[in-house]
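Here's a quick briefing to read alongside the coordinates. Have the viewer open and click along as you go.

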Amino acid sequence: MYRTHTCGELRLSNAGQEVTLSGWVQKSRKLGGMTFIDLRDRYGITQLVVEATADAALVETASSLGREFVIQAKGQVVERQSKNPKMDTGDIEIIVSTINILNKSVTPPFTIEENSDGGEDLRAKYRYLDLRRQPLQRALALRHRLAQEIRTYLDQQGFMEIETPYLIKSTPEGARDFVVPSRMNPGQFYALPQSPQTFKQLLMVAGYDRYFQIVRCFRDEDLRADRQPEFTQIDCEMSFVEQEDVLNTFEGMMRQMFRNAVGVEIQNPIPRMTWYDAMDNYGSDKPDIRFGMTIHEITSLVQNHGFSVFDSVPYVGGIAVPGAAEYTRKQLDELTEWVKRPQVGAKGLVYIKYNADGSVKSSIDKFYSPEEVKAIAEATGAKAGDLALIMCGGKRKAQNMLGVLRIEMGNRLGMRDPKVFAPLWIVDFPLFEWDDETNRFYAMHHPFTAPKPEHIDWYYSDKKEDLERVCANAYDFVLNGTELGGGSIRIHEAAMQERMFEILGISKEEAEYKFGFIINAFKFGAPPHGGLAFGFDRVCALFGGQETIRDYIAFPKNNQGRDQMIDAPSEIDQTQLDELYLDIRPLE
């Protein structure tokens with residue numbers, strides 16, 4: 001037996017017991033002839049003590065221990081004289097009688113502690129060492145607990161977990177597919193699934209009315225903190241349901257996950273907001289509602305006063321930053337430069353300082369009287385002591401810029417507490433997006449999303465303005481400014497699906513080639529159905545109070561899509577290329 005207890009298990013109630021522990025040496029230090037060893041496993045850390053009066057061989061062995069040696073230690077649990085309240089085992093220590101070195105270690109390239117001295121690239125190269133650190137162990141433990149809660153809840157709701165294929169047909173509509181050459185079918189390729197969308201719909205046609213899967217998905221897209229080329233979805237589909245059935249079911253799942261995994265009760269019911277209200281008030285379809293600072297349109301109030309910047313645009317809006325009237329000119333200049341960055345895209349920023357004494361100072365004083373400036377500030381929601389920030393342009397672009405600025409000011413003022421959870425549903429999205437460059441409509445979600453039943457007449461209209469008014473029977477789950485999941489009621493009739501392809505400019509031949517299998521399936525009695533998918537990695541990160549998903553994935557890729565630990569992707573040899581009938585073209 002290598003151990004009787006883990007390194008996070010022993011307490012004062014175990015005092016006097018003879019125990020055996022196994023784990024990794026986190027650190028060892030000598031003090032007055034005694035050797036203190038912190039022994040670590042994934043359950044915690046226990047302090048071992050080798051007394052100065054111990055057997056000489058034991059003292060010598062203890063002195064030879066280096067960081068990350070794997071050892072087995074036997075001894076007696078005693079109450080610790082100098083307790084450590086920061087450790088779960090801080091009330092006890094082990095007086096060691098035997099140490100057995102199970103494996104030695106070279107000096108690790110960084111310290112394996114709560115706060116490591118290793119940079120991101122170095123820790124990625126030695127990911128198996130980084131995974132020994134307690135922050136990552138806590139992150140993966142949370143991921144495990146959440147997965148168990150999901151499976152328990154969905155099983156209780158009658159869902160079946162069914163696997164769908166990883167090698168499928170390429171149907172590029174959004175992100176690029178990862179493609180896989182087929183040796184048995186020369187010149188032909190599989191694609192890795194961006195989601196199991198069509199397969200879960202086919203399962204509904206097949207009569208499996210409640211399906212789910214915690215499934216790997218793949219998208220060849222540019223990466224950032226919350227994106228990976230391979231990611232995990234909580235993928236679900238239900239038959240004979242309307243939107244209300246889906247939302248109620250998955251509100252229950254999220255509530256149980258919050259309660260049982262992190263001990264938090266969330267609002268019941270979860271609030272709902274239309275896409276149009278989200279854009280008008282927050283400048284985002286994934287608003288963070290933990291704080292106010294909403295957007296107010298002030299176009300009619302500010303135009304026709306001789307200020308050409310406002311007079312030449314269709315929309316002017318502003319936000320009120322609470323308590324920020326004391327911002328200095330230097331701070332305001334820095335903020336103006338900040339909004340000019342490509343990530344925001346503004347040409348400038350108008351400010352009004354609504355001082356605590358009721359006076360105002362702004363960057364547009366020469367065009368408006370003090371009374372008019374104060375009225376403009378109040379129209380943005382500002383009160384005495386606040387700072388009004390104003391931007392303009394095309395309506396949606398200006399709202400988006402104000403939304404980005406709102407989040408930045410929320411960060412600067414500490415309004416986005418990761419321990420506060422504010423979920424909501426976003427509903428009634430536009431079904432289509434018009435693109436002026438390509439002169440065509442695109443699906444806001446995907447081409448299998450059904451229109452709202454009350455908008456069917458517009459859906460079958462040939463008028464562009466009617467199609468722009470159609471709302472999707474779709475919904476997104478948003479938490480703290482991050483979209484955690486989304487879904488829709490699906491199209492289940494062949495004629496309606498063919499109309500969707502027609503609107504999107506997909507020919508009958510192309511639709512048949514790419515989606516013929518699902519169009520044909522709908523002809524065999526497809527039930528009304530809908531579902532949604534949550535980004536499981538994002539769920540884990542937000543539940544853990546983090547922005548990035550990487551710590552919640554055991555072996556993530558970097559921003560270039562590389563696994564630095566195994567050095568992938570890599571070249572393959574000529575024999576493999578020949579078997580796949582592939583030639584590599586030199587980079588130009």
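Predicted model: local features only at pLDDT ≥ 70, side-chain atom pairs only at ≥ 80, totals over all residues.

The chain has 588 residues, and 48% of them count as buried. Its fold is made up of 18 helices and 22 strands.

**Cysteines**

- The disulfide count for this model comes to zero.
- A disulfide is a covalent bond between the sulfur atoms of two cysteines, so the sulfur distances are what to check.
- For Cys217, the closest cysteine sulfur belongs to Cys236 and sits 12 Å away, which is too far for a bond because the cut-off is 2.5 Å.
- Cys540 doesn't pair up either: its closest cysteine sulfur is that of Cys217, 14 Å off, and that is again too far for a bond.
- Cys217 is buried, as its relative accessible area is 1%.
- Cys540 is buried too, with relative accessibility at 0%.

- Most residues other than glycine have a negative phi, and most peptide bonds are trans, so departures from either pattern are handy things to look up.
- Going from Asn268 to Pro269, the peptide bond is cis, with omega near 0 degrees.
- You'll find Pro269 in the loop that runs between helix 6 (243-262) and strand 11 (272-274).
- Ala568 and Pro569 are also joined by a cis peptide bond, this one with omega at about 5 degrees.
- Pro569 is in a loop as well, between helix 17 (536-543) and helix 18.
- Met293 isn't a glycine, yet its phi is positive, at about 55 degrees.
- Look for Met293 in the loop between helix 7 (275-282) and strand 12 (296-297).
- Met293 counts as buried because its relative accessibility is 9%, below the 20% cut-off.
- Asn304 is another non-glycine residue with a positive phi, about 70 degrees here.
- Asn304 counts as exposed, since 72% relative accessibility is over the 50% cut-off.

**A charged patch on the surface**

- Which residues gather in a patch of negative charge on the surface? They are Asp573, Asp578, Glu579 and Asp583.
- Asp578, one of these four, belongs to helix 18, which covers residues 574-579.
- Is Asp578 buried, partly exposed or exposed? At 46% relative accessibility it is partly exposed, because that value falls between the 20% and 50% cut-offs.

**A contact across the sequence**

- Leu136 is part of helix 4, which takes in residues 134-156.
- With a relative accessible area of 0%, Leu136 is buried.
- Leu136 and Arg42 are 94 residues apart along the chain, and their C-alpha atoms are separated by 9.9 Å.

Technical notes:
Residues numbered from 1 in each chain as written. Heavy atoms only, no water. Patch = residues over 30% accessible without salt bridge, like charges linked within 9 Å, V, L, I, M, F, W, Y side chains within 5 Å. Areas by Shrake-Rupley, 256 points an atom, 1.4 Å probe, with all protein chains shown as cover. Salt bridge = Lys/Arg side-chain N within 4 Å of Asp/Glu carboxyl O. Lys, Arg positive; Asp, Glu negative; His and termini not counted. Charge placed at Lys NZ, Arg CZ, Asp CG, Glu CD. Helix = DSSP H or I, 4+ residues; strand = E, 2+ residues; numbered from the N terminus. Buried < 20%, exposed > 50% of the residue type's maximum accessible area, 1.4 Å probe, protein only.
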